[in-house]
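Subject: Structure handover

Hello,

Please find the structure below.

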Amino acid sequence: MTRLTTTQKLWGTLAIIWVAMLLMVGWLAWENRQTIENERRDSLKYVIESVHAQIEALQAKVDAGELSREEAQERAVDNMASVRFGDGEYIFAFDNDLNIVSHPSRDTGTSMSDYQDASGLLLYAELLETAQAGGGHVGYYSTRLGGDEQVPKLSYVDHLPEWGWSLASGVYVDDINATFVSSLIRSAVILLIIGVPVTLLMGWVIRDVSRRLGGDPRYAASVVRHIANGDLTQTTQLSARDQQSLLFDIDRMRETLSDTIGSIHHSADNVNASVEQIVGVNEELSTRTEQQAASLAETASSMEQLTATVKQNAENADHASQLASKTTDSAQQGSKAMSSMINTMSTINESAAQMSTIIKTIDSIAFQTNILALNASVEAARAGEQGRGFAVVASEVRQLASRSASAAQEIKTLIDNSDNQVVQGSRQVRDTSDVISGIVDNIQQLDTLVKEISAATKEQSHGIEQVNEAVTQMDQMTQQNAGLVQESTGATQRLADLSFELRQQVAHFQIAGASAPSTQALPSSR
């Protein structure tokens with residue numbers, strides 16, 4: 001039974017319904033026949049009991065002396081002869097010797113002890129036995145009035161013990177069978193009138209359902225089961241002209257789903273490859289960003305130190321500029337002093353001819369020279385390193401003054417040499433004046449350069465401060481970028497996990513021409 005297709009089951013069910021309806025029609029017709037037969041049986045019993053009651057009434061009159069038994073029996077025979085019911089049915093009677101007492105077609109007194117029906121039944125003996133047993137129905141074959149053919153008949157017989165009679169009446173049951181057959185035919189015709197259109201409709205429905213399904217529902221369920229299990233490689237068996245059935249649409253769905261899953265599978269592989277590349281790039285970018293952040297942090301620290309150093313250099317350059325200005329002032333004063341000394345030496349040179357007053361002049365010159373040497377020493381001390389030569393000269397002048405003072409007494413002997421020495425001293429003073437003038441020019445140039453260096457150093461300090469701020473901002477931005485790279489790496493890893501899950505889900509489906517999907521997990525971000 002399980003091997004039958006749904007169409008075969010539907011046709012089989014329709015056949016079973018037909019058999020069931022035919023059986024039901026037959027059973028209803030048989031029930032109708034049984035009902036008619038029971039009604040006939042009951043009517044026979046009712047007629048015999050009625051006649052029996054009339055005879056008992058006559059017997060009561062006999063017992064009362066109103067009638068003799070012979071008169072009562074004659075009236076009873078007349079009453080039985082006059083009773084007709086149904087289709088020519090009648091009542092007959094016979095005695096215990098099986099002789100006819102009353103019969104419409106047999107003479108009174110006719111012996112029926114040897115009478116047999118068509119089946120060989122001793123009819124009257126059977127009727128007498130049944131009557132004496134308390135009455136009942138007896139079935140046999142008998143001829144109709146005026147006929148020769150024996151047909152089935154059913155009689156009810158009852159016994160009258162006072163007179164020794166048995167009363168019987170029967171009905172022919174061939175009309176019951178005819179009624180049964182007629183009812184059966186009528187029901188069959190009605191069944192055909194109703195059943196044939198219903199059968200045709202059911203056949204059309206079955207054919208339409210089969211056409212719309214495109215095959216057996218169990219096969220359709222098998223196809224859908226393969227699709228539900230992810231197997232998209234099973235082709236669906238369809239008829240050549242099938243373009244609208246459920247199986248055709250299921251096969252189209254399978255092909256479309258196969259194409260879609262194939263595209264998703266290919267896209268998932270591409271996404272997976274791209275995600276792996278992004279993960280690698282993010283990891284490398286994260287490493288480089290961390291290195292850049294560390295480098296920027298070191299650069300920021302170096303820039304802070306450089307800024308502090310440049311600030312200190314700017315302060316030192318400003319201080320040097322101030323010192324250079326002071327040195328320039330001192331050099332100018334020294335130049336003025338040298339000019340005065342040149343004038344003095346010129347005076348000494350002019351006074352050399354006036355040797356008559358040399359001692360007084362020498363004393364005066366020695367005194368003044370000593371004062372000038374002292375002033376020159378002071379100025380040389382103020383000039384610092386640049387006035388060291390001038391200090392030497394001042395020292396020599398003091399010595400000369402000392403020697404002039406000490407040698408005032410010997411001036412006469414040295415007067416010739418004094419002139420030469422004065423000339424040479426004048427020359428040296430002029431040379432010293434030239435040197436001091438050069439020193440003044442150099443110091444002025446140095447002062448200008450130191451001021452320019454101080455201004456440039458200030459601008460450089462300001463620029464380095466701005467660079468330091470920019471580096472600090474770059475360091476902050478690099479730190480933020482490093483954080484963003486970490487977040488991007490986390491998001492990329494989540495995307496990689498989702499891509500892996502997508503590939504796992506897509507791997508559930510098997511499509512034609514697809515290789516076995518890789519189930520290797522993506523590398524996790526470090």
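Helices (H or I, at least four residues) and strands (E, at least two) are DSSP runs, numbered from the N terminus. This is a predicted model, in which local features need pLDDT of at least 70 and side-chain atom pairs count only at pLDDT 80 or more, while totals for chains, interfaces and linings use all residues. Residues are numbered from 1 along each chain as its sequence is written, and side-chain values use heavy atoms, with hydrogens and water left out.

The whole chain

The protein chain has nine helices and five strands. Their order from the N terminus is α-α-β-β-α-β-β-β-α-α-α-α-α-α. The chain has 526 residues, and 33% of them count as buried; buried means under 20% relative accessible area, exposed over 50%, and partly exposed in between (1.4 Å probe, protein chains only).

Helix H4

Isoleucine 194 lies in helix H4, which covers residues 174–213. Is isoleucine 194 buried or exposed? Isoleucine 194 counts as exposed because its relative accessible area is 53%. It is one of the residues in a nonpolar surface patch of about 700 Å², along with others including Val181, Ile190 and Met202. A salt bridge is a side-chain nitrogen of Lys or Arg within 4 Å of a carboxyl oxygen of Asp or Glu.

Glutamine 59

Glutamine 59 is in helix H1, residues 6–64. Glutamine 59 counts as buried because its relative accessibility is 9%. Leaving out residues up to four places away in sequence, glutamine 59 touches Arg69, Glu162 and Trp163; contact means heavy atoms within 4.5 Å.

Aspartate 117

Aspartate 117 sits in the loop between strand S2 (100–102) and helix H3 (123–132). The side chains of aspartate 117 and serine 119 are joined by a polar contact of 2.8 Å. A polar contact is a pair of N or O atoms within 3.5 Å; within protein, one must be able to donate a hydrogen and the other to accept it, and residues adjacent in sequence count only if both atoms are side-chain atoms. Aspartate 117 also touches Tyr140, Tyr141 and Gln150, not counting residues up to four places away in sequence.

Regards

Note on methods
Patch = residues over 30% accessible without salt bridge, like charges linked within 9 Å, V, L, I, M, F, W, Y side chains within 5 Å. Areas by Shrake-Rupley, 256 points an atom, 1.4 Å probe, with all protein chains shown as cover.
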